[in-house]
Amino acid sequence: MNNNQKSETLVVKNLQKVFFPGTENEKHILKNVSLKVYDGDFISVIGNNGAGKSTLLNTIAGTLSADAGEIDLASHSVVNKSITYRSRWMSRVFQDPKMGTAGDLSVAENLVLAQSHTHTTSLRRYKKADRWNRYQELLKTLNMGLEDRLETQVKYLSGGQRQALSLLMATLSKPKLLLLDEHTAALDPKTSRDVMEITQDIVTREGLTTMMITHKMSDALKYGNRLIMVQDGQIKLDVSGEDKKNLKSEDLVGLFA
């Protein structure tokens, strides 16, 4: 099925973002960016430092407001809406493993909070046997040993365990759009590879539409069906399918300027 036959999960039109407007420090970061993300896309987003890739993600997420343009998510206009409103259809995993979890709560309590994102629940009732067993089965899929640590406070987990838990929590509600903001950048190389494999498993199993910012060209080439390069506030490259599969790292290096 080609993109013209797929549903559009996210539509960005003529997005603009200017920092410090009207001052000597004015920086035009996003310059009329337009983008369509289709149902089931797994997009790797790369670019130089300062190219605008993080600003693009933050504007989609609502962390930054857009100065002009439109953002439609799951057929809803969200450009002037709050992060809370957007979270009905969107989840995000941050670079810092601590940002996606509550350190003083247990693994199980964190999962309850993530589940209550779409369902009313109570921390007092999380030990019900059926829920406890379900959480153990979910945690087993991470291959991090967390199924035996349901009552452990999250602050005592390793960075990799905490980030894997963040990923699981972000996907419990099966969001229409999953945003991964360099979510392996703070991890050591082996743990980064482990978390990327977990990411691939979850995204594939759940069929999640995903945008992943990464500074690793190897990950950008290996994962996902589509690759976007942001440069000077614009999308310089957008390849998918066989064109992406045939890309080599030297092809991408040649585009960085």
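Begin by selecting Lys174 and Glu206, whose side chains meet in a salt bridge with an N to O distance of 3.3 Å. A salt bridge here is a side-chain nitrogen of Lys or Arg within 4 Å of a carboxyl oxygen of Asp or Glu. This pair links distant parts of the chain, 32 residues apart: Lys174 lies in the loop between helix H5 (159-171) and strand E7 (177-181), and Glu206 lies in helix H6 (residues 189-206). Helices (H or I, at least four residues) and strands (E, at least two) are DSSP runs, numbered from the N terminus. Lys174 is partly exposed at 49% relative accessibility, and Glu206 is partly exposed at 28%. Buried means under 20% relative accessible area, exposed over 50%, and partly exposed in between (1.4 Å probe, protein chains only).

The model is predicted: local features need pLDDT of at least 70, side-chain atom pairs count only at pLDDT 80 or more, and totals for chains, interfaces and linings use all residues. Residues are numbered from 1 along each chain as its sequence is written, and side-chain values use heavy atoms, with hydrogens and water left out.

Next, select the whole of H6. This helix has 18 residues and reaches 26 Å from its first C-alpha to its last, close to the 26 Å expected at 1.5 Å a residue; the expected span is 1.5 Å times one less than the number of residues. Colour Thr191, Ser192, Val195, Met196, Ile198, Thr199, Ile202 and Val203, which are buried in H6. They are on the same side of H6, because they cover an arc of only 160 degrees around the axis, the arc being that of the directions from the helix axis to the C-beta atoms. An α-helix has 3.6 residues a turn, so residues three or four places apart point the same way.

Which elements do the buried residues of H6 pack against? They pack against strand E3 (42-46), H5, E7, strand E8 (210-213) and H7, where contact means heavy atoms within 4.5 Å.

Now inspect the two ends of H6. At its start, a side-chain oxygen of Asp188 reaches to within 3.1 Å of the backbone nitrogen of Lys190. H6 is followed by Gly207, whose phi is positive, near 65 degrees.

Lys222 is in helix H7 (residues 217-222) and Glu197 in H6, so that the pair, 25 residues apart, links distant parts of the chain. Lys222 counts as exposed at 55% relative accessibility, whereas Glu197 is partly exposed at 35%.

Move to Lys17 and Asp67, a salt bridge whose closest N and O atoms are 4.0 Å apart. Lys17 belongs to strand E1 (residues 8-19), and Asp67 to the loop between helix H1 (53-61) and strand E4 (68-73), 50 residues apart. Lys17 is buried, with a relative accessible area of 8%, while Asp67 is partly exposed at 44%.

Then select Asp41, Arg226 and Asp238, which are linked in a network of salt bridges. The whole structure contains 13 salt bridges.

Finish at Glu147, in the loop between helix H4 (129-140) and H5. Glu147 is buried yet has no salt bridge, and the nearest side chain of opposite charge, Lys140, is 6.3 Å away. Leaving aside residues up to four places away in sequence, Glu147 touches Gln136, Leu139 and Lys140.

Definitions and conventions: A polar contact is a pair of N or O atoms within 3.5 Å; within protein, one must be able to donate a hydrogen and the other to accept it, and residues adjacent in sequence count only if both atoms are side-chain atoms. Lys and Arg count as positive and Asp and Glu as negative; His and the chain ends are not counted.
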